[in-house]
Every structure is written in structure tokens, then in C-alpha cells.
Amino acid sequence: MAFAEHMFVVTGGPGSGKSSLIKAMAERGFRTMPEAGRAIIQDQVRIDGPALPWADRAMFAELMLGWELRSYQEAVASDVPVLMDRGIPDVVGYLTLCNLPVPAHIEAAAEIYPYNKQVFLAPYWDAIFTQDTERKQDRQEAEATGMIMAETYTRLGYQIVELPLVGIEQRAEFMADRLRAMSRNS
């Protein structure tokens, strides 16, 4: 698989600090792409739609795939590094977590649309985990999600870079340092 060197995924379980890190990186001037799940949930609740993780997980996954494909197409055209709040393999991981079959077209999408070989994983962190109206997973599911995402990306040939359990500014500096080192080595 040829990797898209300028597209960096941040993955992990819910409540692990991914979106906060992406926001901090945007404030540092990095180009970012938003997470699909929360936006889909908000839209589906607003329209009383069925594609919710607590209603129809398979349909929710299909909408996430569509969102991630659109984000991929936008990011791949960029000539600067882009930080992705999750990626297409997250849809595979989500279905695996839910004990649902992974349709061939979703597995194919994860293979056909690659990101940078190094994927940043925000591990489960009890100190910052919270639930809200869109994030209804409990601590056990949040931790399992992070582990499934690591397994999924590894199976697909990616290398996991675990983010440290430190404050958001230190995490952002860790990521910025890694990105600078990768750009010097390429």
C-alpha cells in the first residue's frame, strides 16, 4: 500500500482527547479535518433520523464512511500536512467493536484510501473521560474502542504512535515535534 504521507490520523476511543488535540493543532496553524461521529449524531438527532449508534449502528457506520471519504478527498488535494480526527479504518474498527460484519466495500475503502503510515493513538485516559449527549459510551467501551482502533490500524499496515497522557499543550507539542521530525526524514 502506498501511504498518503501528508495525511495524519488521530484515533482512539471516545473521550481520550482526540478532538481537543486536533483543535489545539489547528490553533497552532495546522490544517485539520473534523470527526464524523459527533456531527452525524447531532444531525441525526436534529432530524429524528435512524442512523445513530444506539439505534442503527450499521447505518451509522455507512454515514461515517461517507463522511470520511469526503474528508479524505478534500485532504488528499492539500499541499500541506492535514490532521484527520479519525480515518476510514475507524469505521472498520467501529463495526468490529459492535460485533457487526465489516462489508467488503468498507474494508476496500480502508485499503484503497491510505493515510500516513504513522497513526497517532489517544489511549483511554480515565482522568479526562466524560460522557455527554453524543458520547454515551461507558468507560469500558471507550477503553475497548481504543484497543480495537490500534488493532485495526496495525492489521492494515500502520504504525501506532501512542500519545502521552499529558495536558493538551504538551500533547500538541509532542505531536508537532513528531510531525517536524517526519518532515525532516522524508
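## Exercises on helix packing and aromatic pairs

Helix α4 (residues 88-97) packs against helix α6 (residues 139-155) at an angle of about 125°, and their axes are 9 Å apart. This is a predicted model, in which local features need pLDDT of at least 70, side-chain atom pairs count only at pLDDT 80 or more, and totals for chains, interfaces and linings use all residues. Residues are numbered from 1 along each chain as its sequence is written, and side-chain values use heavy atoms, with hydrogens and water left out.

**Exercise 1.** Find out how α4 is oriented to α6, and which residues of α4 and α6 meet.

*Solution.*
- Step 1: take the angle of about 125°. Angles under 35 degrees count as roughly parallel, over 145 as roughly antiparallel, 65 to 115 as roughly perpendicular and the rest as oblique.
- Step 2: that angle makes α4 oblique to α6.
- Step 3: look for contacts (heavy atoms within 4.5 Å). I88, P89, D90, V92, G93, Y94, T96 and L97 in α4 meet E141, A144, T145, I148, M149, T152, Y153 and R155 in α6.

**Exercise 2.** Classify the ring pair of F60 and Y94, and say where in the chain F60 and Y94 lie.

*Solution.*
- Step 1: recall that rings of Phe, Tyr and Trp (its six-membered ring) pair if their centres lie within 6.5 Å; planes under 30 degrees apart count as stacked, over 60 as edge-to-face and the rest as tilted.
- Step 2: the ring centres of F60 and Y94 are 5.5 Å apart and the planes stand at 70°, so the pair is edge-to-face.
- Step 3: F60 sits in helix α3 (residues 57-76) and Y94 in helix α4, 34 residues apart, so the pair links distant parts of the chain.
- Step 4: check burial, where buried means under 20% relative accessible area, exposed over 50% and partly exposed in between (1.4 Å probe, protein chains only). F60 is buried at 4%, and Y94 is buried at 10%.

**Exercise 3.** Classify the aromatic pair of Y72 and Y115, then decide whether Y72 and Y115 are buried or exposed.

*Solution.*
- Step 1: with 5.3 Å centre to centre and 80° between the planes, Y72 and Y115 form an edge-to-face pair.
- Step 2: Y72 belongs to helix α3, while Y115 is in the loop between α5 (104-112) and β4 (118-122).
- Step 3: Y72 and Y115 are buried.
- Step 4: Y72, Y113 and Y115 form one aromatic cluster.

Terms used. Axes are lines fitted to C-alpha atoms, for helices over the stretch in contact, and angles run from 0 to 180 degrees between N-to-C directions. Helices (H or I, at least four residues) and strands (E, at least two) are DSSP runs, numbered from the N terminus.
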